[in-house]
There are 2 protein chains.
Amino acid sequence: MARDAKYDVLFEPVKIGPKTLRNRFYQVPHCIGAGSEKPGMQAYHRGIKAEGGWAACCTEYCSISPESDDTMRVSARIWDDGDIQNLSVMCQRLHQFGALAGIELWYGGPHAPCHESRDTPRGPSQIASEFEANIYPRYADKDDIKLLQQYYVDAAIRAREAGFDIIYVYGAHSYLPLQFLSPWSNKRTDEYGGSFENRARFWRESLEKVREAVGDDCAIASRFAVDSLYGPAGVELEKDGIRFVEYCDDLVDLWDFTVGDIAEWGQNAGPSRFFEENHEKPYSGVIKPGNHTNKPVVGVGRVTSPDTMIAIINSGQFDLIGAARPSISDPFLPKKIEEGRLDDIRECIGCNQCISRWEIGGPPMVCTQNATAGEEYRRGWHPERFHRAKNADKSVLVVGAGPAGMECAQILGKREMSAVHLIEALPDIGGNVNWVSTLGFSDGHPNIFRGTARGLGDWKRVVNYRQIQLDKLRNVEVHTNSRLDAAQAREYGAEIIVVATGCYWATDGLNSATHDTIPGVDAVGQEWQLTPEDVALDRKPIGRRVLVLDNEAYFMGVTLAQKLAGEGHEVYLLTHRGDIAKYMEYTLEAPMMHRELHRLHVHLHPETMIERVEPGVVHAYNVWDPTAKERFEVDTLVLCTARVSDDALFRELKDDPAALEANEVEAVYIIGDASAPRMMVDCIFDGHRLAREIDSPNPALPLPFIRERRLWGLVDNKVYDAVLASSDLQPMGA
Amino acid sequence: MARDAKYDVLFEPVKIGPKTLRNRFYQVPHCIGAGSEKPGMQAYHRGIKAEGGWAACCTEYCSISPESDDTMRVSARIWDDGDIQNLSVMCQRLHQFGALAGIELWYGGPHAPCHESRDTPRGPSQIASEFEANIYPRYADKDDIKLLQQYYVDAAIRAREAGFDIIYVYGAHSYLPLQFLSPWSNKRTDEYGGSFENRARFWRESLEKVREAVGDDCAIASRFAVDSLYGPAGVELEKDGIRFVEYCDDLVDLWDFTVGDIAEWGQNAGPSRFFEENHEKPYSGVIKPGNHTNKPVVGVGRVTSPDTMIAIINSGQFDLIGAARPSISDPFLPKKIEEGRLDDIRECIGCNQCISRWEIGGPPMVCTQNATAGEEYRRGWHPERFHRAKNADKSVLVVGAGPAGMECAQILGKREMSAVHLIEALPDIGGNVNWVSTLGFSDGHPNIFRGTARGLGDWKRVVNYRQIQLDKLRNVEVHTNSRLDAAQAREYGAEIIVVATGCYWATDGLNSATHDTIPGVDAVGQEWQLTPEDVALDRKPIGRRVLVLDNEAYFMGVTLAQKLAGEGHEVYLLTHRGDIAKYMEYTLEAPMMHRELHRLHVHLHPETMIERVEPGVVHAYNVWDPTAKERFEVDTLVLCTARVSDDALFRELKDDPAALEANEVEAVYIIGDASAPRMMVDCIFDGHRLAREIDSPNPALPLPFIRERRLWGLVDNKVYDAVLASSDLQPMGA
């Protein structure tokens with residue numbers, strides 16, 4: 001199918017300095033957990049996007065010196081020849097598929113704790129990081145400033161050697177160049193502080209020097225937060241923001257605009273709960289229309305709709321469609337538009353699980369929608385290409401059409417299994433996503449900071465995409481309103497059964513804090529006690545005063561508190577933890593949610609656990625002083641204490657092997673929440689993994705994956721032994 | 001000098017199964033951040049201890065399956081041939097120095113989030129981890145139990161192949177075998193749950209199988225928390241604790257006893273603030289004296305005193321002196337006792353910085369006392385051996401005898417510089433340690449949980465050790481009561497000047513939360529406003545109602561709040577963060593400190609920042625809703641807002657190069673807090689680093705260190721490419 005001509009504009013080439021982008025799709029720098037240490041992951045993850053049609057892909061932030069070491073978080077690094085060697089693999093891979101390679105040169109100042117290098121970061125003024133705990137920079141005097149600028153130059157020269165086409169001087173997200181520009185971080189009184197020109201001097205000089213060094217061979221880009229969202233204390237769009245673009249416009253070949261800082265970079269990587277598509281337009285989107293630059297501009301905003309894309313280009317908002325999350329969710333987004341396959345686009349849901357793993361520090365990136373993200377190299381998974389299974393002659397029954405079951409059935413279908421039947425007890429496929437995506441609260445009231453509470457509606461894309469794919473697969477049948485018991489499943493006629501029956505919320509108060517149930521809790525028998533499902537599905541009336549107990553620390557407890565408070569209830573939120581919704585700090589949803597809870601006057605009780613419940617009364621205690629009791633008289637109790645796998649069907653099937661054999665069922669597997677409750681991203685992965693490996697020797701156990709690590713004894717020892725020879729230590733065997 | 005004969009008992013060999021320990025010094029398993037991924041660091045860090053006289057050194061916890069993946073934290077792994085290869089380097093290195101190698105086989109169940117492997121952990125019952133956020137195990141049925149036990153067996157066989165002498169089935173710290181044993185985690189109703197024998201069955205069978213597989217060749221050890229400190233809900237010493245030892249005594253060659261769980265393992269790795277030497281004696285120390293075992297026993301308790309060690313052996317408490325932290329702080333502890341060099345022992349201060357980096361996840365281990373810990377391989381630093389500096393003919397003036405200055409002078413002395421003068425303005429060397437170590441509060445009241453508030457007195461060991469070393473060095477002179485100005489420093493006669501003048505607490509409210517000062521704050525001019533130094537040194541009177549503002553989030557704010565509340569003041573603790581003393585979670589001090597603050601009725605105000613101050617009144621606001629104001633009427637305001645480098649001397653020296661030249665000063669360096677405020681561990685590292693590299697081409701910039709990483713293009717590609725060839729992805733270049 002050919003594409004609609006209205007999308008042609010997206011496929012026009014764009015010149016940036018000495019390089020040309022083949023179209024307007026541009027993967028802006030974003031983290032994946034590969035850095036320079038996992039060259040295979042780096043090369044293959046970016047390479048898949050090149051194959052999928054993106055005109056350029058960039059590294060994540062790439063450190064230019066051990067003084068800028070972000071460990072525990074994973075950045076790329078271009079410190080030495082080994083890094084050149086490792087990053088060159090990514091460049092080769094991108095070039096192989098016709099895309100340009102970009103590198104984002106990064107110096108974090110006090111935001112880089114240097115826990116691996118143990119070095120001391122430098123900064124414009126000595127103020128500890130607002131993002132890190134207790135990391136102070138060393139004041140950069142003028143010699144230091146020259147040194148820092150030389151770091152950028154040296155790194156740029158190394159980057160050119162590695163094969164990069166686009167070289168960033170990265171100042172967004174509150175990193176060094178912005179620290180100089182912003183009066184929030186720059187309190188200097190010399191010619192690098194005070195006036196606009198003085199504060200802009202460091203960045204301008206750095207751009208000049210990098211351009212001088214590599215500008216003939218490489219395009220020079222700069223990533224700039226056009227408003228740091230601190231009001232007059234920082235960089236404001238209408239003041240220094242626009243002015244800086246005009247001031248340095250001659251020095252860049254490409255502008256990459258963002259908004260906000262690092263401590264709250266959910267303002268940039270906006271979670272769908274608070275920000276809709278193209279949400280940065282009021283900031284990054286006004287520079288080009290205002291004629292403040294003559295250079296190409298790329299910006300982001302979790303844009304997945306081709307119509308929004310053409311509106312952005314046609315309105316002159318940006319020249320390039322920048323993407324981080326949409327490119328992770330669907331690396332083939334450009335190709336699918338190009339080929340007119342719009343319904344195949346796997347749209348980002350804005351849950352920010354990808355970001356969560358960077359925030360946690362260390363793990364590879366994950367994606368809820370795209371289970372192959374980060375798995376391209378180490379497991380050899382391609383997002384769009386599937387081997388016919390070796391046992392494709394078998395038929396498979398998948399019981400339960402939640403995220404895990406839908407994904408498993410879809411991939412089994414694409415692997416050409418002879419027949420795949422996806423059976424769902426409820427009227428619709430989607431599992432818990434169907435009610436979870438109705439949650440949240442949206443009164444149109446702007447958040448105290450920025451953005452607007454929207455709810456979790458975009459999460460429904462998980463179902464929409466899979467519904468479309470399942471419909472297209474001729475070897476897959478979906479049957480809803482059909483609940484199978486063990487005998488029916490056995491006798492269904494399938495040789496392989498996959499159980500994906502999900503989980504349910506505990507009704508007895510079982511929780512991770514006490515590893516026990518809670519006396520008096522009974523959400524089955526007690527009308528005033530509700531599980532999250534009860535709330536979402538309006539199963540029971542809800543009184544004026546509501547107490548929500550959250551022992552999970554992800555989205556459910558706070559989401560229900562927000563919803564109920566927004567609907568006018570007086571809400572008390574209790575959690576045994578010291579912080580509210582801990583995992584949402586990793587998804588960048590926490591700060592906005594804190595503001596929502598305050599705005600809606602939710603009463604917060606961290607470090608508090610329920611001891612026992614009587615009708616209308618909840619007895620609680622402080623976890624650090626159990627003698628300190630608190631008593632809550634409430635009308636309704638909402639219990640987000642724990643989830644429990646619904647594995648009854650699996651157990652019944654497994655416990656009767658004779659019956660399975662009699663029905664010629666060769667294997668029974670269990671996936672997703674039915675195996676162990678987990679986050680949606682992991683449910684989909686689990687279903688995908690089983691389908692990818694349905695023809696392995698033992699599909700119940702994952703195959704090994706490639707671990708990119710040093711293997712002692714190979715020739716690389718020579719590299720290391722040379723260093724040791726001159727040390728105070730005797731080398732091995734000496 | 002020969003050792004006192006009373007210590008001879010420490011050097012008796014001890015037989016454990018088929019192996020013999022050469023003496024009683026035993027490095028129990030502990031984390032260092034090397035795992036199996038950094039074989040050089042693993043081998044050389046453990047190897048240094050073997051060289052230093054330890055009879056055995058163990059890995060950190062070592063995962064037996066991708067189902068037990070602790071990423072972001074770094075564990076060892078013995079999953080495949082690559083791990084065998086990498087861990088064998090450690091075994092070789094230990095054997096080279098006459099020590100045995102131990103491996104701690106680990107399966108974490110729900111405490112292992114599997115963020116790298118994306119696998120699903122199994123556990124006895126499906127209750128989410130109390131340590132992790134939101135990680136649920138999959139219920140292990142009987143097939144799963146066989147599988148889990150086979151993981152232990154397979155891992156043990158691999159470990160034997162790698163060269164390990166001692167193989168642990170690790171159940172302490174709430175990991176899998178203890179999860180089965182403890183009713184806290186085990187709610188099963190089959191033969192693996194309920195009665196003691198049923199709950200102990202998993203562990204006993206695992207020991208049997210591992211012994212069957214490798215017991216003829218290797219010593220079988222088990223690490224067991226004899227009391228999980230949950231009362232009747234868990235394992236209690238007098239109930240299941242002693243009973244389990246008796247029940248499995250026939251199956252082990254060595255018992256390694258601990259106490260407590262993983263969520264609060266500071267009860268085991270007790271910070272000195274709350275626990276004194278040999279603090280586990282009431283638990284792990286009663287098993288052997290009670291004749292409940294016939295096997296050798298090792299236990300820990302941050303024991304650094306040789307007299308405590310012989311008391312432990314002679315009283316029959318343990319057979320072996322187990323050590324994690326004392327062996328990090330001084331890898332040569334056994335040798336120093338053996339050689340009668342007791343005053344050279346570098347005693348652990350119990351600050352738990354070593355542990356903090358494991359908790360953060362990713363970074364290499366650090367040690368306050370021993371700057372070479374973790375640096376043995378990557379920087380080639382030996383803790384006791386020093387190259388004569390190439391420029392040893394030069395003389396060095398070190399200005400400031402705080403942690404950085406003391407360490408730098410000491411190492412410069414050991415590197416045989418012609419003359420090293422350490423000059424201190426105050427009457428004593430030690431810098432801020434001298435007053436910091438007087439802080440804390442000790443009323444002898446037992447903590448609500450366990451332990452007793454003791455204060456930071458053990459931190460003074462940082463000074464004591466260095467004082468002794470400096471006294472011994474003939475080329476080092478220490479001068480106190482001597483404050484040098486720039487002219488005096490220049491004219492002192494030294495060719496190299498090292499400025500280590502430390503930092504001071506801001507008196508104007510400068511802080512990381514607002515990047516600004518606080519209106520009305522002036523700890524210089526206002527008698528009722530105090531810095532931490534003012535409090536510690538009794539410089540100003542303190543009123544009844546005290547407000548402590550903590551923007552640093554490490555120990556200072558809470559320590560002062562604890563002290564002042566303990567002394568009878570009414571204390572309000574404000575911090576802009578959501579959690580109190582965040583970094584103390586990493587040092588395992590936080591839970592005990594929370595209980596102290598509650599016990600002493602400190603009023604806690606997280607998420608709260610000061611807006612402005614008027615005489616006797618502090619105006620504050622909630623950081624998530626700045627319109628929500630709070631007003632505190634107090635008599636005293638204590639300001640732990642930020643520290644500021646005292647770099648005036650350095651600036652003055654550096655800004656007048658002509659004067660330096662005129663005085664034949666060749667170089668001026670700045671280290672420690674004077675360069676940028678940091679934690680003590682990093683101050684000492686900074687001083688050590690400069691001294692180690694004083695003869696490098698540019699000592700101001702650290703030399704590169706070995707980064708153990710895969711380097712693309714070496715023969716290891718062949719290993720990986722084979723995997724990719726069978727995938728859905730085309731290999732590079734195909």
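Helices (H or I, at least four residues) and strands (E, at least two) are runs assigned by DSSP and numbered from the N terminus. The structure is a predicted model, in which local features need pLDDT of at least 70 and side-chain atom pairs count only at pLDDT 80 or more, whereas totals for chains, interfaces and linings use all residues. Residues are numbered from 1 along each chain as its sequence is written, chains are lettered from A and ligands numbered from 1 in the order in which they are written, and side-chain values use heavy atoms, with hydrogens and water left out.

**View 1. Helix α11 of chain B and the residue that follows.** Helix α11(B), residues 353-360, has eight of its eight residues buried and is therefore largely enclosed by the rest of the structure; buried means under 20% relative accessible area, exposed over 50% and partly exposed in between, with a 1.4 Å probe and protein chains only. The buried residues include Gln353(B), Arg357(B), Trp358(B) and Glu359(B). Their cover includes β4 (56-63), α9 (325-329), α18 (583-586) and α22 (680-692) of chain B. Just after α11(B), Gly361(B) takes a positive phi of about 95°.

**View 2. Strand β24 of chain B between its two partners.** Six of the six residues of β24(B), residues 617-622, are buried, so this strand is largely enclosed by the rest of the structure. In a regular strand the side chains alternate between the two faces of the sheet. Here Val617(B), His619(B) and Tyr621(B) lie on one side and Val618(B), Ala620(B) and Asn622(B) on the other, and all are buried. Two strands pair if DSSP finds at least two bridges between them. Strand β23(B), residues 608-614, runs antiparallel to β24(B) and is joined to it by six bridges, with Arg612(B) standing opposite His619(B). These two strands form a hairpin with two residues between them, and Gly616(B) in the turn has a positive phi of about 75°. Six bridges also join β24(B) to the antiparallel strand β25(B), residues 625-633, where Glu630(B) stands opposite Ala620(B); β24(B) and β25(B) likewise form a hairpin with two residues between them.

**View 3. His619 of chain A.** His619(A) lies in strand β24 of chain A, residues 617-622, and is buried, with a relative accessible area of 13%. Leaving aside neighbours within four places in sequence, His619(A) is in contact with residues including Met609(A), Glu611(A), Arg612(A), Glu630(A) and Arg631(A), where contact means heavy atoms within 4.5 Å.

**View 4. Glu693 of chain A.** Glu693(A) is placed in the loop between α22 (680-692) and α23 (716-725) of chain A. At 5% relative accessibility, Glu693(A) counts as buried. Beyond its neighbours within four places in sequence, Glu693(A) is in contact with residues that include Trp381(A), Arg415(A), Pro699(A) and Leu703(A).

**View 5. The interface between chain A and chain B.** The contact takes 129 residues from chain A and 130 residues from chain B. Together the chains bury about 11400 Å², 52% of it on carbon and sulfur atoms; buried area is the accessible area (1.4 Å probe) that two parts lose on being put together, summed over both. The count between the chains is 22 salt bridges, each a side-chain nitrogen of Lys or Arg within 4 Å of a carboxyl oxygen of Asp or Glu. In one salt bridge, the side chains of Asp141(B) and Lys654(A) meet at 2.7 Å, N to O. On the side of chain A that touches chain B, the largest share, eight residues, comes from helix α2(A), residues 81-96.
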